[in-house]
Amino acid sequence: MIYEQQFLEYILSRPKPNPDMVLLYPLPTILSKHTLVALSDNGARFAQEMISNPKVSSIAQRSVATRT
């Protein structure tokens, strides 16, 4: 299983996509928690800001909500 975006990226990057591949939307939907893994000091500062700053956190939540 992969995200819809990954599936589309794979299909669109191929001149002749595999016709046997299909995209399914399970019911009920599958919910997953999004995680943030810091790979640098800047990333760690960003993660801390996401956790501790309500304004930044609300912007991130709105961004995720608009994509679903």
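Residues are numbered from 1 along each chain as its sequence is written. Local features need pLDDT of at least 70, side-chain atom pairs count only at pLDDT 80 or more, and totals for chains, interfaces and linings use all residues, while side-chain values use heavy atoms, without hydrogens or water.

**Exercise 1.** Find which elements of the protein chain have the lowest and the highest mean pLDDT.

*Solution.* Start with the chain: its mean pLDDT (the predictor's confidence in each residue, from 0 to 100) is 82. Of its residues, 90% reach 70 or more. Now go by element. Where pLDDT is low, the predicted coordinates should not be read in detail.

**Exercise 2.** Describe the lining of the second largest pocket by element and by class.

*Solution.* Take the elements. α2 (41-52) and α3 (54-67) each supply at least two lining residues. α2 gives the largest share, four residues. Next, the classes: six nonpolar, four polar and no charged residues. Among the lining residues are His34, Phe46, Met50 and Gln61.

**Exercise 3.** Determine whether Val56 is buried, partly exposed or exposed, and list its contacts beyond four places in sequence.

*Solution.* Locate Val56: helix α3. Its relative accessibility is 23%. Buried means under 20%, exposed over 50%, and partly exposed in between (1.4 Å probe, protein chains only). Therefore Val56 counts as partly exposed. Then apply the contact cut-off, heavy atoms within 4.5 Å. Val56 touches Glu49 and Met50. Finally, Phe46 is ten residues from Val56 in sequence and 9.7 Å away, C-alpha to C-alpha.

Terms used
1 Å grid on protein atoms, 1.4 Å probe; cavity = no way out; pocket = protein on both sides within 12 Å on 5 of 7 lines; lining within 4 Å. Nonpolar A, V, L, I, M, F, W, Y, C, P; charged D, E, K, R; others polar.
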